Amino acid sequence: MARSILLVNGPNLNLLGTREPALYGSTTLPNVISLAQSQCDRLSITFSHIQSNHEGVLIDHIHEARSTFDAIIINPGALTHTSVALRDALLGVEIPFVEVHISNVHKREPFRHHSYLSDKAEAVICGLGVYGYEAAIEFAARCLEPKEKAQ
Ligand SMILES: O=C(O)[C@]1(O)C[C@H](CCCOc2ccccc2)[C@@H](O)[C@H](O)C1
């Protein structure tokens with residue numbers, strides 16, 4: 001089971017719970033983080049979180065995760081549909097990851113139907129609202145084995 005999880009949230013997710021509640025619900029990002037921290041505490045999993053509106057900042061944190069985290073749970077936001085660089089960063093660190101989307105992207109505009117990450121994700125969760133984060137943590141705890149640490 002994963003013993004340490006980094007939760008990554010991409011651009012505009014800092015607005016969660018304050019705009020577009022019909023699409024993304026009314027739970028704020030701080031509340032999502034608090035719930036995730038409590039869930040990880042119960043599972044004896046080390047937890048950390050980053051949210052940034054800047055692609056390069058997210059990439060830097062993913063690089064830094066290589067020596068620390070067994071699993072990444074990522075909601076890339078709109079970078080899902082545009083960022084080869086984010087894909088390359090995840091592939092480069094060789095940390096298993098779960099892709100989460102609050103909305104069902106497949107019921108939305110066609111440009112949201114493609115992800116640069118999904119074919120490399122251990123799992124893709126979308127349309128469950130913020131429960132998707134809880135489900136992703138549970139999946140990581142049960143099913144993601146830590147990769148052998150590089151010597
Ligand atoms: O459904 C998801 O979680 C998305 O990753 C959210 C992205 C948007 C992130 C912005 O989130 C907001 C939340 C509240 C208010 C405004 C934006 C969107 O571009 C993806 O296609 C699907």
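Within strand E4, Phe 97 is the bridge partner of Ile 72. Strands count as paired if DSSP finds at least two bridges between them; helices (H or I, at least four residues) and strands (E, at least two) are DSSP runs, numbered from the N terminus. The model is a predicted one, in which local features need pLDDT of at least 70 and side-chain atom pairs count only at pLDDT 80 or more, while totals for chains, interfaces and linings use all residues. Residues are numbered from 1 along each chain as its sequence is written, and side-chain values use heavy atoms, leaving out hydrogens and water.

**Strand E3 and its partners**

Strands E3 and E4 pair in the parallel sense over three bridges. E3 also runs parallel to E1, to which five bridges join it; Asn 9 stands opposite Asn 75 of E3. In a regular strand the side chains alternate between the two faces of the sheet. Both faces of E3 are covered, with Ala 71, Ile 73 and Asn 75 buried on one side and Ile 72 and Ile 74 buried on the other. Here buried means under 20% relative accessible area, exposed over 50%, and partly exposed in between (1.4 Å probe, protein chains only).

**The ligand**

Asn 75 is also among the residues that come nearest to the ligand, together with His 81, Ile 102, Ser 103 and Arg 112, out of 17 around it; a residue is counted if one of its heavy atoms lies within 4 Å.

| Residue | Part of the residue | Distance |
|---|---|---|
| Asn 75 | side chain | 2.8 Å |
| Ala 78 | backbone | 3.4 Å |
| Arg 112 | side chain | 2.9 Å |

The protein covers 94% of the 510 Å² of accessible area that the ligand has on its own, by the Shrake-Rupley method with a 1.4 Å probe.

**Helix H5**

Helix H5, residues 131-143, has 13 residues. Its buried residues include Gly 132, Tyr 133, Ala 136 and Ala 140. Among the elements that cover the buried residues of H5 are helix H2 (29-42) and strands E1 (4-9) and E3 (71-75).

**Arg 87**

Leaving aside neighbours within four places in sequence, Arg 87 is in contact (heavy atoms within 4.5 Å) with Tyr 116, Leu 117, Asp 119 and Lys 120.

Key:
Expected span 1.5 Å × (residues − 1). Polar contact = N/O pair within 3.5 Å; in protein donor to acceptor, adjacent residues only side chain to side chain.
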